[in-house]
Amino acid sequence: MPTPLKLLILEDNAFDAELEVGQLQAAGYDCDWLRVQTREDFEACLDQPDFELILADYNLPSFDGLSALGLLNERGLEIPFVLISGTLGEERAIESVKAGATDYVMKERLERLAPVVTRALNDRLEVVKRRAAQQALREAHRRLQALSVRLLQVEETERRRFARELHDGVGQMLTAVKLRLAGLNPSLADYASRRSECVAAIDEALEQVRRMSRDLRPSQLDDLGLVAALRSHLDRQAGGAGFKPNFMHDGVPPRLAPEIETTCFRIAQEALTNIARHAHASEVWVTLAGTEAELRLEVRDNGRGFDVAAARLGAAAGRSMGLLSMEERATLAGGRLALDSAPGKETRLSLALPLIRASSGPT
Ligand SMILES: Nc1ncnc2c1ncn2[C@@H]1O[C@H](COP(=O)(O)OP(=O)(O)OP(=O)(O)O)[C@@H](O)[C@H]1O
Ligand SMILES: [Mg+2]
């Protein structure tokens, strides 16, 4: 299969240009080429720069290869540029490479052209790949930074919330009970009802402590496993937000590696919190399925849907953390996460995690 190559040749001698193209075609390039001779024509070509390679004669009657290279550099174009000359001495050759030419070839040694071009194109490809990898790395770093900042904020907010709940909730209740107990006198007529009030207040405080501890780490996840913890969390969220819950599971091993269980649970938890907060859904479906290789989770709601790309941009700009943290958790566990939604459409989150079976129980 010939390799397509879009080629610009700066050359006053039509025969030389044909020779150059002939060399490249013999080496397997399918050249789509254009020959120009003047500065004006060369510049016009640079204005629509979809050329993959430039071959430039060193000496032309009214223009020269090095000036052409200067024009390329001025525009910041990084098209591989090979100088071709019959007269290029060693010093000039070095000078041209210093000026940014990719390579040079003597006209009397034109058989070097194809290997030089192949190397130039490969080098260029490498540069493009390296830049894309660097860009991806920078992007990942930026996301991680945004996430770290948000994590710290969330940690602080959570601490404040727990401190407030402890102080205003459990603390106040216990204080009230203490005062009531202090004033309790078995000889008083309302002794029985006062004692019942104290018991009720202690029950309320206990329930609050249970709720806080469940929020911190659902004990069902450790005690009963993912299926039970997820089902119970879905039912609790459904009760609070008023949607109809549907839970299905199929082929999920009774115990999985704790990090897989935690990752899956936390992602489902965030998805359900998002549904409760944003979706206005009347029905929600949670499906958990295990295959030999993967654990799959799907969380679907029939709510109002949203623009996923816009929400991702908002999250990347630091406006929210849920979507980012779900994606980071999935990536850290070697899995894949996909979100499918649009305004007015249902929302579907799909997660696939590679299944590493736990060799022992939870840690
Ligand atoms: N199931 C859903 N239905 C409708 N909109 C949703 C749903 N899930 C997410 N969204 C939209 O996507 C946005 C981003 O979600 P994300 O979880 O990142 O942020 P958040 O829930 O607003 O805040 P937090 O950082 O506390 O999670 C939400 O603000 C909401 O507009
Ligand atoms: Mg959220």
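Q: How many bridges join S7 to strand S8, and do they run parallel or antiparallel?
A: Seven bridges join S7 to strand S8 (residues 294-301), and the two run antiparallel. Two strands are taken to pair if DSSP finds at least two bridges between them. The strands themselves are DSSP runs (E, at least two residues), just as helices are runs of H or I with at least four residues, and both are numbered from the N terminus.

Q: What kind of model is this, and how is it numbered?
A: This is a predicted model, in which local features need pLDDT of at least 70 and side-chain atom pairs count only at pLDDT 80 or more, while totals for chains, interfaces and linings use all residues. Residues are numbered from 1 along each chain as its sequence is written, and chains are lettered from A and ligands numbered from 1 in the order in which they are written.

Q: Which residues stand opposite each other around S3?
A: Strand S1 (residues 3-10) and strand S3 (residues 53-57) pair in the parallel sense over four bridges, with Leu10 opposite Ala56 and Ile9 opposite Leu55. S3 and S4 also pair in the parallel sense over four bridges, and there the partner of Leu55 is Val82 in S4.

Q: Is S3 buried or exposed, and why?
A: Five of the five residues of S3 are buried, so S3 is largely enclosed by the rest of the structure. Buried here stands for 20 or more other C-beta atoms within 10 Å of a residue's own, exposed for 12 or fewer, and partly exposed for values in between, with C-beta atoms placed from the backbone. Leu53, Leu55 and Asp57 point one way from S3, whereas Ile54 and Ala56 point the other way, and all are buried. Strand S4 (residues 81-85) is mostly covered too, with four of its five residues buried.

Q: Changing topic, what surrounds ligand 1?
A: The shell has 17 residues, the closest being Asn274, Ala279, Phe306, Ser320 and Gly322, where a residue is near if its C-beta atom, placed from the backbone, lies within 6 Å. Helix H9 (258-279), helix H10 (308-316) and helix H11 (322-332) each supply at least two residues of the shell, and the largest share, five residues, comes from H9.

Q: What is the shell like by class?
A: It has seven nonpolar, seven polar and three charged residues. Ala, Val, Leu, Ile, Met, Phe, Trp, Tyr, Cys and Pro count as nonpolar, Asp, Glu, Lys and Arg as charged, and the others, Gly among them, as polar.

Q: What about phi of His280?
A: Phi of His280 is near 55°, a positive value in a residue other than glycine. Most residues other than glycine have a negative phi. His280 sits in the loop between H9 and strand S7 (283-290), and is partly exposed, with 14 other C-beta atoms within 10 Å.

Q: Last one: where are the domains, and how far apart are their centres?
A: The domain assignment, which is an automatic or database one, gives domain 1 (3-128) and domain 2 (218-363), and their C-alpha centres lie 55 Å apart.
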